[in-house]
Amino acid sequence: MTLQGKVTAAFVEHYGALPAFVVRAPGRVNLIGEHTDYNDGFVLPMAIDRAMWIALQPSGNRRVSVHSLDMQETALFDLDELKHNGPTWVEYIKGVAWALQEDGYPLLGWEGVMVGDIPIGAGLSSSAALEMAAIRAFLAVSSSDWDPAAMARIGQRTENEWMGVKTGIMDQMVSAAGEADHALLIDCRSLETEAVPLPPDTAVVILDTGTRRGLVDSAYNERRQQCEAAAAYFGVPALRDVDLAAFQEQARRMDGTVFRRARHVVTENHRVLQARSAMLKADAVTLGQLMNASHVSLRDDFEVSSQALDNMVEIAQQQDGCYGARMTGAGFGGCAVALILSSSAVNFVENVTFEYTAATKLKPSIYVCQAAQGAELIVNGQ
């Protein structure tokens, strides 16, 4: 049974009728452009065919009731009494309700059932998918229009101000606005997007190391502060405004750690734009080389990789048919991503699974993914 079928059947079991709406919002994998988003830079993610689904109906009042099939628990809250109660899954739904109301959206309550198949904490943006699905749910019952860029900002505000994680806009934007069969080049300052086709005869493989990290407890916020210090050194609003030549000319007197953080961001922005050009030329070889260089920069300059991620990337890069591989997501654990020749997918998955398990004693989760459409609303559950 599909997840849409599963969540619809569970809704019917709970409420005795078909849902008025079903919403879906995808996770994402970032091909290249890591830790550039909160520096107003460029990123090149794609929405994936793993998602968060919510089947729902209006509650007729200002209360929200959500049953999570994955967590096997039900959460209740009142839109007039929103309070933060700790780091649980329902805080993302409460957070978007708070952010929407702060922006003047008149919300109504709803009741629903949700389910997802995005690995939690793997760096595939399960939280952004939940935020975008919840926003689509609120807008559906409240008869408000869906604007992908505006709703991405609502999701980012939820992360920054409600959840306390200083993330950029990338995850929410691609979950809101992704296009099937394409990656999405995002200018994180203007939120302009460009759908960029994947090279022909290639496949994108997500490589879950089986290790997890928590962004709030990690060095993520510290990295952001270091980037802000580097921007101040150059006298610009964000590192996006420092081109490679200017950086190489002016950065010599920077603090060593801040220098390395800035070098990653400046060179990574350059790599993203090179990757776009390579994809428009259907050049998988160059795209793979840029992914490899990105991992080295994340590992050595930004220092957000881990032993498990380095092992996974090295093993992937050594396989026949692999154009390139890198860690993806915020780092410190989670997933890598590889670009491979599609005809080599079966052997690639088998070999990487065997070699990674032998090297680390960890069992990875590996799957070949498709680029999916962004968040969508299905009326009357049909």
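The protein carries 30 positive and 46 negative charges, and their mean positions sit 4 Å apart. Here Lys and Arg count as positive and Asp and Glu as negative, with His and the chain ends not counted; each charge is placed at NZ of Lys, CZ of Arg, CG of Asp or CD of Glu. This is a predicted model, in which local features need pLDDT of at least 70 and side-chain atom pairs count only at pLDDT 80 or more, while totals for chains, interfaces and linings use all residues. Residues are numbered from 1 along each chain as its sequence is written, and side-chain values use heavy atoms, leaving out hydrogens and water.

As for secondary structure, the protein has eleven helices and twelve strands (DSSP runs numbered from the N terminus: H or I of at least four residues for helices, E of at least two for strands). Of its 382 residues, 58% are buried, meaning under 20% relative accessible area with a 1.4 Å probe, protein chains only.

On to the inside. Leaving aside neighbours within four places in sequence, I93 is in contact (heavy atoms within 4.5 Å) with V66, F77, W110, M114, L130, A134 and F138.

Definitions and conventions: Buried < 20%, exposed > 50% of the residue type's maximum accessible area, 1.4 Å probe, protein only.
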